[in-house]
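Hi there,

Here is the structure I promised to pass on to you.

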Amino acid sequence: MTYPILADFGLIIALTYIGLNLLAGLGLRILKPRAHQHRLCRLTARLSAPLAGLFLLLACSQSSSAFLGLVLTPTTSILFALAIFIGGAVLGFSIRYLDGDPRQMKFLADMHLTLGFIGLFMLADSLWLFAASWILISLSLHRLLLVFPERAGARRAALKKFALARGSDAALVAALVLVGQTLHVSSLSAVAAALQAQPGVSPELGAAALLLILAAILKSAQFPFHGWLVEVMETPTPVSALLHAGVVNAGGVLLIRTSALIVHNEASLWLLAVTGALSVVTGSLAAMHQGSIKSALAWSTVAQMGFMLLQCALGAFSAALFHIIAHALYKANAFLSAGELSKTPSLSPEASGRSRVAIFALSAAVIIWLVASVAPAGAVLSAAVLALALMQIDLRNKVAATAAALMLATGLIVWRSLFDLPFGGLDIAARPERLWFGLAVLMLLAALQVLLSAKPDAPASKALKLHARNGFYINALINRSLGQ
Amino acid sequence: MNALLPDFVASRLDGLAQLRAAAARIAPQWPLASFIAVNPFMGYVDLDVTDAAARLRQTHGAQLLPGTSAASQLTSLAAWVGTRKGFDGEAFVQERISQWAASHLDLNRRDGRMSGDGDALFAAWREETRLDPTPDIYGVGHVRRELGRLPGSADQCVRHLLDELDLPEEACALYLERLAGSMAGWMALVRHIDWTLERDGGRGHLAEALLCIRLVWDVLLARPYGVEALHEALQSALADQADLRPDLSDLEAQEAQWLGEVSHQLKAPPSPAAKGQIKAVFCIDVRSERLRRHLEAVSPDVTTVGFAGFFGLALGVREPMGVRPSCPALLPARFTCEVPQTERPGKGLSHALKDLKAKGGAALAYVESLGATSAGAIAELAMGWTRAAPTRHDPVRWADTPDLDALTQTAAGFLKASGLNADLTPCVILVGHEAQARNNPHLAGLQCGACGGRSGADNARMMSDLLNASEVRQRLQAQHGIAIPASTRFFAAVHNTTTDQVALLDQVHDPLIDRFRQACERAAVFVRAERAALLGETPDLAALSRRAADPSEVRPEWGLAGCAGFMAAPRALTRGKNLEGRVFLHDYVSANDPDGATLEQILTAPVIVASWINLQYLASSLAPDVFGAGDKTLHNIVGGGLGVFEGNGGDLRLGLPRQSVHDGEMLRYPPQRLSVMLAADTARIEAVLQKHAGLRHLVENRWMRLFSLAPDGQIDKERTRSGWEAR
């Protein structure tokens, strides 16, 4: 059942909300007493949650509509819901968080602008609007990275981000120009239809697919282009939350929106799979060994985005979309509550019982290997990471461990099944080799984690921890070449 | 190198002693969970405040006083090499040490890394640094290779390297202090272990080992340039000491103005003493002053007493991470208590799940399975709904069989020192205090410092239970001659300094307690009005509760900002006088203290702690870049709660966040030194000063000011370097 009229209304409401954000971004400084500025921000923040609920419902109702270069489909609707939801939380948080700071007004204005552009990006259908909002997000974000321009670390991270963002802009624009000219289309939604009409993919379209994938890799801070993402703690926490829960998703959103095209370039998909897998391994290992909470969260984003791109590379676009949403909610909250001191230490579990765990992991691997031939790629990949998590569960408290394992498994299965109801159609079957590759990489990660926890004092473990903590020296190399 | 053997030996011995002295200059700083105020200049109080300011300018780059801006921080060899190699050498070494220390000292590891063993610390660092290729990337890979050729222990390394540098004694001391100052945060953190061990009669070597690590970096980095180049670099740096003339006049003007206002208050006739049936004992914390004043004003039933908020009970509380002291840092915890473990069913589960987030690849499945559960928290933030987490006061009990005689002695000490050994009313309430905030790494700094950065509730409860116990009362009578009337009952309560609510810890139905509750509610209205004005907040409970419950709130309350005075005097002198929440009020009646023992105790414990607090605020206000923790919006918790970074990295930050002293436009209170006012005979005070050199240093070297009060309560004489001077 679809309700186009609802979707039309939805788009109008979305446009109004985007307009409110952009207007607030441009006009906040006109509101003179600070209390008025705060009231306006509170309003945009408070509107976000019910509106997010509305767009979630619209997504579930499978309604769609398009006008003014925007499109409301279940995919864009749920992405828009996510963007404004996270944006509202970040805005609401910033009202008190930066209270009193003379920079607050500019900060809130730039935050509104960025949120407006993100909203636009999520709904954009016309190629030029898609590219323009992609670029504008990054430009307004640049201002947010420099809230403390006097901090050398902030300037360095912003510079790196700026350079990589221009690279991804160039790749995206080139790709969209190629797509538009080759297929004679002006919107993303027309791409899939046009591709169906013409069998076989021209070299131009192959190049466009490669460029799109490159743009996504750069945008989602994939190893080794992750440097800026793990260094942006030089700007207030809400910006980190927005970046890690909103902006880095743009790469994944791009691939999901252009999925019909990118699946035609096998070589590029391999590039995507390898980059994603590399980011999963390096990001996960680095996150485990950071000395500070925000660095650990940042490295974990690299891994999570890598996993999401790996899902895309396997054609599991609904899984990728789900991962974007789940990760964004989790990571936004994790950053915004990073000031909470944990009362109970998370002690590394004793080495004992680790061999059992290794056996368990092996058996899990075999099962996954067996089911891999029948189940869809996204489900297999999720099953694999579930096994990876299960073997890490602290076994000292048997009851709690069992309950945690059950909860983890049930949660994952229930959420994923529910999500596949409206979004399962996004998946595009891909060749199985990349799935094997993905599974092998996850096995490697599992093996390394077993080594680290079972033999923490072995020379290899010590070296691995050191290299992981230093992010495998990519940032040191880049910083040195920047002359710092 | 020096070829002559006798000189060689002599300078070697001196070198190690000098390194130890330089390490001891750094004041300790506790991890976040027990973040108590410490005098950041603890190691410099043997110098006059202006000399110390000049020295801190050179060694830490801190501009504490006007007139110190002429000279800059001394250069280090790392900085010197960095300039030649084209990178920031100082930041490079700081980052190497900081990242290693954050991981090595992580609080989530419970394997004795904080044991005070300097050689183990040094060996761990050396092992790891030899594996780390970062120096090669920066073109200084020789450091790793030369590291293998250094002697084995930290002590030997120090001797060897200082010998190589062969600096004159004073230059060497300055140079080593400069190195310590370049990583003052980490030095302070490990110093808290060494300092605690020393307090308890032991000895720790972590700070020395860390300073040795910094020395190794410095010397090894510069080695390829030859000893002559080294000397040249250091000599020119040491010679480049411009004339420093630190100026105290800003502080003095501020203090003069404040003292004038206080004198004016003290001149007013005191309010008549109430003959109420309720005595409420409050912590001396400056935040108690407002509540005490209004409580006495609204209710004739209540008289208040000021005493350090641990109520004399050196408590330790057993927690998952070990026994945490719930007493002033000056004392070791003597009596251990614990919260009876009621195993809540969900606790193990949530811990097992939370644990997975930090376990690399496991976080991928965690997110897919449970990530969406964060939606509730996100909605809360977007809507601005604040959920006041009720502060729990789980009843505590003794962890071991209590030693009743020792406890009775402690109780007797408390009763005598607080003047509660006589004139007991039927109802005595011990009111601890606590602060409430969410998402605030420095929350412990707002809690009761006398309880080790914890809530004062446990101490209030244990002490009141003790004083109600019949065995203890019998012993008090028999062994100490203190008779507590059978009609007298002790109660425990806690004052929430963020919301100014006072809660009784146990459900009691007693007419006097009901009256006390009502009085507190009425008084709190006035207290909130005073505090809300300073916070720019609506003066009501809802608004202040919002601050306590809002995870985005960076200023839940002003804490002890503005603390300016310490008064040990009978309450009669201060009752009804508006001291604006800026004075530590300790009850002291000199007539009841014939041998001066109580005065000595006050001067050597609460006064010291008050000066620590005052100097911490002063340092964080005057030199926020060095002695302040920086901007809260950039804070990044390090090593499971060792401290915070401001941003990605750098040194562990010292002191208080900018938001604790600054409202965004200006400092909340202009800094001033603590003015201690004692209603006691100057000869008495002088006797204590002569006995305690540390205290004398604080006064004579102008770190705090000391006044005597005349019997009528007027500020009478000031103790200066040259003696007692009439004002």
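How do the residues of the lining of the second largest cavity divide into nonpolar, polar and charged? Before I get to that, please keep in mind that this is a predicted model. I'll begin with the cavities and then move on to the two chains.

**Cavities**

The count comes to 14 cavities of 30 Å³ or more. The second largest cavity, the one I asked about, has a volume of about 180 Å³. It is lined by 20 residues, and those closest to its centre are Ala27(B), Pro28(B), Gln29(B), Pro40(B) and Leu654(B). As for the question, the lining of the second largest cavity divides into 14 nonpolar residues, five polar and one charged.

The largest cavity holds about 240 Å³ of space. Its lining is made of 25 residues, and if you want to find the spot on screen, His442(B), Gly445(B), Leu446(B), Tyr617(B) and Leu656(B) lie nearest the centre. By type, the lining of the largest cavity has 13 nonpolar, nine polar and three charged residues. Three elements of chain B each supply at least two residues of that lining: helix H25 (606-622), strand S15 (656-657) and helix H27 (658-661). H25(B) gives the most, with three residues.

**Chain B**

Chain B has 29 helices and 19 strands. Its radius of gyration is 27 Å, close to the 27 Å that the globule rule gives for 727 residues, so chain B is as compact as a globular protein of that length. Along the principal axes, the C-alpha atoms of chain B fill a box of roughly 80 × 70 × 55 Å. Buried residues account for 63% of the 727 in this chain. If you take the contacts in chain B between residues at least 6 apart in sequence, 72% of them join residues at least 24 apart. The accessible surface of chain B is about 26100 Å², and carbon and sulfur atoms make up 52% of that.

One residue in chain B that I looked at in more detail is Asp394(B). You will find Asp394(B) in the loop between helix H17 (375-383) and strand S6 (397-398) of chain B. Is Asp394(B) buried or partly exposed? With a relative accessible area of 32%, Asp394(B) is partly exposed. Leaving aside residues up to four places away in sequence, Asp394(B) touches Val339(B), Asp458(B) and Arg461(B). Ala457(B) is 63 residues from Asp394(B) along the chain, and the C-alpha atoms of the two are separated by 9.4 Å.

**Chain A**

In chain A there are 20 helices and two strands. The radius of gyration of chain A is 22 Å, close to the 23 Å that the globule rule gives for 484 residues, so this chain too is as compact as a globular protein of its length. The C-alpha atoms of chain A fill a box of roughly 65 × 60 × 50 Å, again taken along the principal axes. Of the 484 residues in chain A, 61% count as buried. Among contacts in chain A between residues at least 6 apart in sequence, 79% join residues at least 24 apart. Chain A has an accessible surface of about 17000 Å², with 72% of it belonging to carbon and sulfur atoms.

Best wishes

Technical notes
Residues numbered from 1 in each chain as written. Chains lettered and ligands numbered in written order. Predicted model: local features only at pLDDT ≥ 70, side-chain atom pairs only at ≥ 80, totals over all residues. Heavy atoms only, no water. 1 Å grid on protein atoms, 1.4 Å probe; cavity = no way out; pocket = protein on both sides within 12 Å on 5 of 7 lines; lining within 4 Å. Points joined across faces, edges and corners; volume = space filled by probe spheres on them. Helix = DSSP H or I, 4+ residues; strand = E, 2+ residues; numbered from the N terminus. Nonpolar A, V, L, I, M, F, W, Y, C, P; charged D, E, K, R; others polar. Rg over C-alpha atoms; globule rule 2.2 N^0.38 Å. Buried < 20%, exposed > 50% of the residue type's maximum accessible area, 1.4 Å probe, protein only. Contact = heavy atoms within 4.5 Å. Areas by Shrake-Rupley, 256 points an atom, 1.4 Å probe, with all protein chains shown as cover.
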